[in-house]
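Thanks for coming. I have one structure to go through today, and I will start with a single residue before turning to the whole. Please have a look at it first.

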2 protein chains.
Amino acid sequence: MTAATNVVGEAARALRRVIVESVSPEVDAGRFAIKRIVGDELRVRADIYADGHDSVGARLLWRREDERTWNEAPMRLDNNDRWEGRFKLEKLGRYFYSVVAWMDAFGSWSKDLKKRADAGQDIVVDVRVGAEIVREAAGRARGDDAKQLAEIAAKLKDLAKKDGKTALAISQNAELALLVNTWRDRTSDTRYERELAVVVDPEKARFSTWYELFPRSVTTDPKRHGTFKDVIDRLPYVAGMGFDILYMPPIHPIGRSERKGKNNSTTPAADDTGSPWAIGAKEGGHKAIHEQLGTLEEFQTLVAKARELGIDIALDIAFQCAPDHPYVKEHRDWFRERPDGTVQYAENPPKKYQDIYPFNFESAGARELWAELKSVFDYWIAHGVRVFRVDNPHTKPFAFWEWVIGEVKKEHPETIFLSEAFTRPKVMYQLAKLGFTQSYTYFAWKNSSFELTEYFEEMKDFGVFEYFRPNLWPNTPDILNEYLQKSGRAGFMTRLILAGTLSASYGIYGPAYELCEGRPVREGSEEYLDSEKYQIRVWDIHNPNSLRDLITHVNRIRKNSPALQQMLGLAFHPVDNSQLIAYSKVTEDRSNMILVVVNLDPHNRQAGWVNVDVKKLGLGSEESYQVHDLLTDARYVWHGSRNFVDLNPSVLPAHIFQVHSIG
Amino acid sequence: MTAATNVVGEAARALRRVIVESVSPEVDAGRFAIKRIVGDELRVRADIYADGHDSVGARLLWRREDERTWNEAPMRLDNNDRWEGRFKLEKLGRYFYSVVAWMDAFGSWSKDLKKRADAGQDIVVDVRVGAEIVREAAGRARGDDAKQLAEIAAKLKDLAKKDGKTALAISQNAELALLVNTWRDRTSDTRYERELAVVVDPEKARFSTWYELFPRSVTTDPKRHGTFKDVIDRLPYVAGMGFDILYMPPIHPIGRSERKGKNNSTTPAADDTGSPWAIGAKEGGHKAIHEQLGTLEEFQTLVAKARELGIDIALDIAFQCAPDHPYVKEHRDWFRERPDGTVQYAENPPKKYQDIYPFNFESAGARELWAELKSVFDYWIAHGVRVFRVDNPHTKPFAFWEWVIGEVKKEHPETIFLSEAFTRPKVMYQLAKLGFTQSYTYFAWKNSSFELTEYFEEMKDFGVFEYFRPNLWPNTPDILNEYLQKSGRAGFMTRLILAGTLSASYGIYGPAYELCEGRPVREGSEEYLDSEKYQIRVWDIHNPNSLRDLITHVNRIRKNSPALQQMLGLAFHPVDNSQLIAYSKVTEDRSNMILVVVNLDPHNRQAGWVNVDVKKLGLGSEESYQVHDLLTDARYVWHGSRNFVDLNPSVLPAHIFQVHSIG
């Protein structure tokens, strides 16, 4: 390309004098969608500016996936060339947004004309400049607008010499400005170079309270396998504590060959039940139900009864097979073969998991495999399920998840996928970017004030909350961390309050949790003794030692506190005692402000001075404010930043304050 | 697109299991080039990872603009899935870089095989898996590689049952690993989605020391107009102080109509010289020389003589015209016309600049205008100039600058463009992104410790130093800030040391600066009294009050201190006295560490405790180290973070310490 021809293209571009950049929110240059929930207003910001001193106009563009044309929302200049606009996400599904901006010739003219007139300058020629701007807009306009603009242009031209004052008044007319801008020359508009996506999820995607139980353990006799009917009877207990998602480990037929016995023994007894994650037997695979749990009809009854109590049933989707799974016979090409002709089992050398066959996503049959796995989600959705906890997604290809979640949510935007990937942070974030609605976190291993603060600050600083929704679990059937093993009941209280207030979504594996089960299979292990993964356990949910009441209380506070139902507005406040942690959550409009102080030491009373960052709460540094403990109903007046707390873990290890500005 | 057909494409993508993201440096998703200087090694980092636990391989790709194929440089895993590679920028011009990564099947196999063998497991079948990996690579390889790989594959297969130990040894061979990876199946490579650009500039683009003078004032008699010959005689003075760029305001014929008189008077005397920025008269325009300065030949002699002393002559390019400029007659279409038929003069309502006509970059004749303006740069480059200070670029279209700088640098990559845009920060950064080599800053208005720290921290945090090279000017012919007006000689020392140590590039407008000229045209104005913009000034450069020696000293320190020749590694250190500021600059390898402490109060002695952030200097919190004041040659032993300083502005307002770790 010669310089001469190049000039032509560049001169054309020069007409687009406005720059639109740094649009936010935006993830990885628009490669991935951000996430919101239905009813949210999406605030979009952008740097918008031009050369020189002329005025600029801008509009936020947005449309639903199924709309062909863009809707427009106003944008206004905040400061430092940063503009802001908002639009409402009324429906589930995917929306797109972008920005358009232009040189506002009329705006520049009317602004300058006023300055000239104010300085007492002659404006005859300048009024004619404006008349010309309006005349050009008239030439582009249609219908009544064209007529109106032409009349005003003529009038301005006429007034130029005769009546500058009236011309000036016309120049300041906001409706005229809007009309001229509507009929601007759009060929020199600057469109932001990318169209960004936002996935609009149901409310529970952001704010949810999970309870995990093994349905086979909903029984009073270890010899009697619990059933869906038993789970139905247990629903009022779960709902009563304030949970709104009930998650069950895989409910499918359990493999027999290579079955694991109690406490992960490789020499099971004849009546050992096996692990629910060893999916598939001659009775069926991922679309079948373990017959001791009940029938498909009973499962659907459970889903319906739960929904009546505001609870969604979440299924565990673990894409792996026991050696007995029908897929292994019917679709040998979906598995890797070893040179000796056997099927490749799962490994993490030198560990071998001969009871589990992973799928080979790179096989020649991958096309059918992907479609079949999608049909597993479709099957359970057709039977009323809309929440899935996905087991180990990080051991399957990223592209598979992007495809399958995208396809499912196209048809069922109400679906929620929880990613159970306990792996390196970037892999966890990638899975969230690709479409997982919520994600497990490292919370279970973050116990000190330093660890918790660092972890949440890092997520905040890296902007991951735009797409990564943390779901905090103080325990899972796989994770009984050292803190819980050694903390006693107080530690279970502490970790529950942390989970429920640090994150908008959290969950517990019960009844182990509320009954403070803390015995590991052996010293140094995070596995439970007599783990339900391998056997039926009978739990006495009426044990007076249960945390049931505290859980009920915390979940009620969550329900009544909008600040706790989101991840934005989280801030940590220094405390001079490292056994205490303090943090606040605040709604965007500051109408709800929660300040939590927790004693992390489960054995000793701890006191100290909290250094409240009052600015984060919109309070002055010398201002008094009331802190109302929602756990005890006590109210205190605090003043400025330094305030004293004293928490006894054997009574209650935390304050959950609602902060009220006084006067 | 149906789900079924979609699966095909997605399954193909699934083979690309590796993610490559967050490549740095990268500006605005690769829209703009980063900047480096010739000889630099460019460090490129990227997040690279895959699903599961398999090994990943990666290479940094790079090429010069004129190369068709990519060169490869190794990348190594740093931590947390962040990889790093480097390549050297040997030549001026533009380079591109990107990243490629892949699943390293051989690496996974050899790593796992070792773990299995170490655990005493049977590896017969596993060795055969590896033999298959090598055999497949052999199938893709050519020539000797194919033969060698086939032999090794056969050998491994043979050894599987016979000699696991030898097979294991082969599996750990690094050369074999490289060979297998060279012949990997590249169809499943992941290429980073963008190719990023780096502009490689001459060394002075990053590290330069500017001196501005009005050539007509290089005289001993206000009636005798200084000439290029006088400037030649002044060169040893300028070079002696350590400056390496000598910048002159416009050297073109000065317009006569609407000429401004002394102190910007609109009623000039007959012998008033006019402003050099009123470019163009009947004698010529942007390619002509004001005849009182000399001839084109004399100008070229000046350029050559300066170069002998290591000095580049910088010209001032101001794209605007005096009413007498030949363009106004010859290319009336390059200017805007007012409705009354007159040419539109420059305005910032209600201010009018009738002596200046701006170009209309959006005119019908814009194509020719752009080409003509480029030819102005070409003309002066042909006559030896390679540094341009561009006047008010923010009042011309962004697209023009991207085009003209890009075109000029394609042919002359040694060219340096300094942007004189004192406007809103995002506009200034945009001009730097579009191609300007260096930029003026707000430094002249940042005088307190808080202002300076905030300004530089902000630039650091926003990552602007990847493309924005600040050039600090404590004064210019347009800016005599209040601090200098009121500070006396001490303040001039302070501001010089700040400029020369905060930034790798700085400049002064002299001899006004070294002679501590601080008189404004009137109280509250930043204009000089008897400004050289409108008249010839005679300066006594031999005045004993001159800062000449200090400037010489500071510039020598700059020349000997690599840490001061770059913007990376700048850090501020708190001081308990807000009249003091402390900051350090450190080379990447910490071989050169400079710690500067400045007393910002030009009137009073100030003392206080510096809280040295010893980590930034690679020192332990309890370590002793020597600080060697390069200004006074005094040496002190400091210990840990808290250290005392006491600075008397009437002696020397600053320490410029070189920091030496002891033992």
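Start in chain B, in the loop between β5 (71–79) and β6 (82–88), where you will find B:Asp81. This residue is not a glycine, yet its phi is positive, about 65°. Is B:Asp81 buried or exposed? With a relative accessibility of 9%, B:Asp81 counts as buried, because the cut-off for buried is under 20%.

The scores are ipTM 0.94 and pTM 0.95. For chain A the mean pLDDT is 96, with 98% of the residues at 70 or more. Where does chain A stay under 50? That is residues 1–5, and for them the model has 3 contacts beyond four places in sequence. Where pLDDT is low, the predicted coordinates should not be read in detail.

B:Glu258 sits in the loop between β11 and α8 of chain B. At 48% relative accessibility, B:Glu258 is partly exposed, whereas B:Asp81 is buried.

The loop between β11 (245–248) and α8 (296–308) of chain B also holds B:Asn264. B:Asn264 has a relative accessible area of 37%, so it is partly exposed.

Next, the cis peptide bonds. In chain A, the bond from A:Gly510 to A:Pro511 is cis, with omega near -10°. A:Pro511 belongs to the loop between β21 (505–509) and α15 (548–560) of chain A. In chain B, B:Gly510 and B:Pro511 are joined by a cis peptide bond, with omega about -10°. B:Pro511 is in the loop between β21 (505–509) and α15 (548–560) of chain B.

Now chain A as a whole. There are 15 helices and 29 strands in chain A. Its C-alpha atoms fill a box of roughly 105 × 65 × 45 Å along the principal axes. Chain A has 663 residues, of which 60% count as buried. Taking contacts in chain A between residues at least 6 apart in sequence, 75% of them join residues at least 24 apart.

On to the cores. The largest nonpolar core has 161 residues, and the members that touch the most others are A:Ile48, A:Phe299 and A:Phe456. Which helix gives this core its largest share? Helix α14 (residues 482–502) of chain A does, with 9 residues. Neighbours within four places in sequence aside, A:Phe299 has contacts that include A:Phe228, A:Met248, A:Ile251, A:Trp380 and A:His383. Another core, of 160 residues, lies apart from this one, and B:Val56, B:Ile251, B:Trp401 and B:Leu515 are among its members.

Last, a helix pair in chain B. Helix α10 (residues 366–382) and helix α11 (residues 398–411) of chain B have axes that come within 10 Å and cross at roughly 35°. The crossing of α10(B) and α11(B) is right-handed. Residues making the contact include B:Trp370, B:Phe377 and B:Ile381 of α10(B), and B:Phe400, B:Trp401 and B:Val404 of α11(B).

Definitions and conventions: Residues numbered from 1 in each chain as written. Chains lettered and ligands numbered in written order. Predicted model: local features only at pLDDT ≥ 70, side-chain atom pairs only at ≥ 80, totals over all residues. Heavy atoms only, no water. pLDDT = per-residue confidence, 0-100. Contact = heavy atoms within 4.5 Å. Axes fitted to C-alpha atoms, helices over the stretch in contact; angles between N-to-C directions. Helix = DSSP H or I, 4+ residues; strand = E, 2+ residues; numbered from the N terminus. Left-handed = near helix turned anticlockwise from the far one by under 90°. Core = buried A, V, L, I, M, F, W, Y, C linked by side-chain atoms within 4.5 Å. Buried < 20%, exposed > 50% of the residue type's maximum accessible area, 1.4 Å probe, protein only.
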